[in-house]
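Please look through the structure below before reading on.

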Amino acid sequence: MNKIAVVGAGISGLSMANYLEKHKIDYHIYERRKKRDLAGHGFLIPQEGMDYLSQIIEPELLLKQGNFLKKYIQYSHTGRILAEKNLENVFAISRHSLIDLLTQNISPEKIIYEETIGLEEHDGKLKFSDGADIDADIIVISDGSRSRIRNNLFKDETMKAVRESEVVNIIRNKEIADSIENDFIKFHHEEGGLTFGILKLSDDTVLWYSQFDNEKYMINECSAENLRKYMLEVFENWHPLVSSIIQKSDYKNVHLWRVYELEKLNRFYKNNIVFIGDAAHPLIPFTSQGVTSALKDSFTLTKYLVEENNMEHAFKKYEAERKPEIEVHINNGRTLLEQFLLPINLQTQNILPISYK
Ligand SMILES: Cc1cc2nc3c(=O)[nH]c(=O)nc-3n(C[C@H](O)[C@H](O)[C@H](O)COP(=O)(O)OP(=O)(O)OC[C@H]3O[C@@H](n4cnc5c(N)ncnc54)[C@H](O)[C@@H]3O)c2cc1C
């Protein structure tokens with residue numbers, strides 16, 4: 001079997017490594033960040049994602065690190081109940097915990113941290129930071145939604161900013177965690193374009209996030225303290241649960257996300273380079289399908305690498321299987337975004353913040 005290099009140790013790169021490991025295929029992963037340097041946010045993972053995850057991580061280990069959510073409750077910003085829905089096996093986990101679990105099965109010499117891979121424009125080859133060529137037959141690119149490698153390889157791609165930004169925070173606070181039980185609670189401003197979601201990651205850990213229509217709310221890169229002030233101001237007259245969480249939160253893990261999408265998907269491969277996860281297809285957060293799609297990409301690509309003798313056939317089958325499903329999630333994401341921007345009395349579609357095929 002060919003020697004494989006994987007670029008990026010996020011969810012897609014690490015899950016790829018886990019599937020390769022299962023099939024005893026030789027690989028190395030190269031990651032730009034430091035080992036412990038993990039930005040904090042969390043994921044909602046629907047049942048299908050859990051099925052793929054449990055093939056590479058013991059389900060008991062997953063359960064220790066995250067939490068199944070029981071019910072989705074949608075409120076107006078003042079606390080009027082808009083809708084309720086029981087959730088079936090929707091799991092919540094922090095990115096940090098999931099990355100730790102996915103790293104456990106990989107021997108340390110197979111992950112090289114603090115190594116940024118780049119595409120040399122003049123010869124179209126992928127290189128290490130010291131300029132040496134990557135010695136691999138297949139190079140799997142999983143360097144995230146704003147992939148530089150993809151952007152250099154597909155010069156005509158257009159990346160555009162999405163009319164939504166997110167502030168995400170993970171806090172340790174048992175009192176708040178107890179008060180929300182296992183519900184996934186989301187408050188929506190009556191006029192649309194602003195939400196506040198809360199969910200429990202463990203007995204004492206809560207993730208909250210707010211989604212902003214960034215044309216209405218000018219939310220800029222700033223210090224954690226200024227972000228806190230801004231959040232207090234914007235959410236001042238909301239339900240007391242929201243304002244008290246904003247007030248009681250520690251902001252050391254707070255993160256401001258700007259969301260981008262590709263105007264049109266590229267091919268998922270070129271020559272011996274193949275893309276998985278957000279690098280192949282950025283998905284907007286409304287879909288909650290980023291992790292599941294990353295897992296399915298790495299599972300499917302590994303399956304065809306094992307089944308097919310010819311690399312190009314394997315890549316072709318991988319793309320043919322994955323692209324149509326991704327296009328469904330992209331379209332669902334755009335619909336969810338349109339709904340989010342509308343006043344709540346005009347929102348008509350699926351109330352769940354998850355895209356299903
Ligand atoms: C606000 C927000 C909320 C989200 N919520 C959810 C959710 O609820 N559920 C869900 O399923 N998904 C969610 N997602 C999406 C999810 O985070 C991603 O889809 C998922 O993490 C898969 O990412 P990835 O591994 O492809 O890329 P990333 O997680 O971006 O990982 C890319 C890795 O590549 C490394 N890298 C980058 N460039 C290089 C280079 N040149 N050389 C070496 N290494 C490099 C980076 O350091 C990083 O570690 C959310 C995303 C956002 C922004």
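**A walk through the chain**

V7 stands opposite Y30 in β2, where two strands pair if DSSP finds at least two bridges between them. The strands concerned are β1, residues 4-7, and β2, residues 27-30, which run in the parallel sense and are joined over four bridges. The model is a predicted one, in which local features need pLDDT of at least 70 and side-chain atom pairs count only at pLDDT 80 or more, while totals for chains, interfaces and linings use all residues. Residues are numbered from 1 along each chain as its sequence is written, and side-chain values use heavy atoms, with hydrogens and water left out.

Strands of a sheet pair through backbone hydrogen bonds, either parallel or antiparallel. Here six strands make up an open sheet with mixed pairing, in the order β6-β2-β1-β9-β16-β15. Because β6 (111-112) and β15 (269-270) stand at the edges with a single partner strand each, one side of each is left without a neighbour in the sheet. In the chain as a whole there are ten helices and 16 strands, taken as DSSP runs numbered from the N terminus (helices are H or I, at least four residues; strands are E, at least two).

Turning to the overall form, the chain has a radius of gyration of 21 Å, which agrees with the value near 21 Å for a compact globule of 357 residues; this radius is taken over C-alpha atoms, and the globule rule is 2.2 Å times the number of residues to the power 0.38. The C-alpha trace spans about 60 × 45 × 35 Å along its principal axes. Of the 357 residues, 55% count as buried, where buried means under 20% relative accessible area, exposed over 50%, and partly exposed in between (1.4 Å probe, protein chains only). Among contacts with a separation of 6 or more, 73% come from residues 24 or more positions apart, a contact meaning heavy atoms within 4.5 Å.

Some single residues complete the picture. E233 belongs to helix α7, residues 224-234, and is exposed, with a relative accessible area of 58%; its C-alpha atom is separated by 41 Å from that of I141, 92 residues apart along the chain. E114, in the loop between β6 and β7 (118-120), is exposed as well, with a relative accessible area of 53%, and has a positive phi of about 55° although it is not a glycine. E181, in the loop between α6 (174-180) and β11 (183-188), is also a residue other than glycine with a positive phi, near 50°.
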